[in-house]
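Okay, thanks everyone, I'll keep this short. Have a look at the model on the screen while I talk.

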Amino acid sequence: MFDDFFYSRLTQLRINKAVSQREMSLSMGQSEGYMTKIESKVSLPSMTVFFYICEYFGITPRDFFDDSQKNPELIQKAIDGLKQLDDSDMQLILNHINRLQKK
């Protein structure tokens with residue numbers, strides 16, 4: 001059960017980022033077939049590589065295992081942007097979010 005979650009979550013995140021298995025493998029300094037082996041359930045990454053995978057997606061390990069977040073990388077970018085705003089701008093964004101949720 002856990003294995004299936006891990007593989008499907010990894011695939012989902014990679015597809016959301018719109019990168020190929022080969023591109024992701026090479027970007028992480030691995031052989032070009034590395035992600036193919038992982039997503040094909042041939043192997044699991046080491047813990048170190050798992051942290052590199054999270055770094056590649058710009059997410060935390062917690063975000064990786066939280067499948068309620070469809071696009072954690074985008075959420076993290078939004079949070080990082082919010083941290084740069086003053087209180088009045090954050091309130092404007094919050095009002096906009098509340099309006100969108102009512103639709």
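**A cavity and its surroundings**

So, the largest cavity: the residues lining it are Leu13, Asn16, Phe57, Lys70, Asn71, Pro72 and Glu73. Two elements, α1 and α6, each give two or more residues to that lining. Sort the lining by class and you get three nonpolar, two polar and two charged residues. Keep in mind that this is a predicted model. The space inside the largest cavity is about 30 Å³, and searching the whole structure turns up one cavity of 30 Å³ or more.

Where does Pro72 sit? It's in helix α6, which covers residues 72-82. Is Pro72 buried or exposed? Its relative accessible area is 0%, so Pro72 counts as buried. Leaving out residues up to four places away in sequence, Pro72 touches Arg9, Leu13, Ile59 and Asp63. Arg22, on the other hand, is 50 residues from Pro72 in sequence, and their C-alpha atoms are 22 Å apart.

On to the core. The largest nonpolar core has 18 residues, and the ones touching the most other members are Phe6, Leu10, Met24, Ile38, Ile53, Phe57 and Phe64. Two or more core residues come from each of α1 (2-17), α3 (34-39) and α4 (47-57), with α4 giving the largest share, six residues.

Last one, Met24. Setting aside neighbours within four places in sequence, Met24 contacts Leu10, Arg14, Val19, Met35, Ile53, Tyr56 and Phe57.

That's me done, happy to take questions.

Notes:
Residues numbered from 1 in each chain as written. Predicted model: local features only at pLDDT ≥ 70, side-chain atom pairs only at ≥ 80, totals over all residues. Heavy atoms only, no water. Core = buried A, V, L, I, M, F, W, Y, C linked by side-chain atoms within 4.5 Å. Buried < 20%, exposed > 50% of the residue type's maximum accessible area, 1.4 Å probe, protein only. Helix = DSSP H or I, 4+ residues; strand = E, 2+ residues; numbered from the N terminus. Contact = heavy atoms within 4.5 Å. 1 Å grid on protein atoms, 1.4 Å probe; cavity = no way out; pocket = protein on both sides within 12 Å on 5 of 7 lines; lining within 4 Å. Points joined across faces, edges and corners; volume = space filled by probe spheres on them. Nonpolar A, V, L, I, M, F, W, Y, C, P; charged D, E, K, R; others polar.
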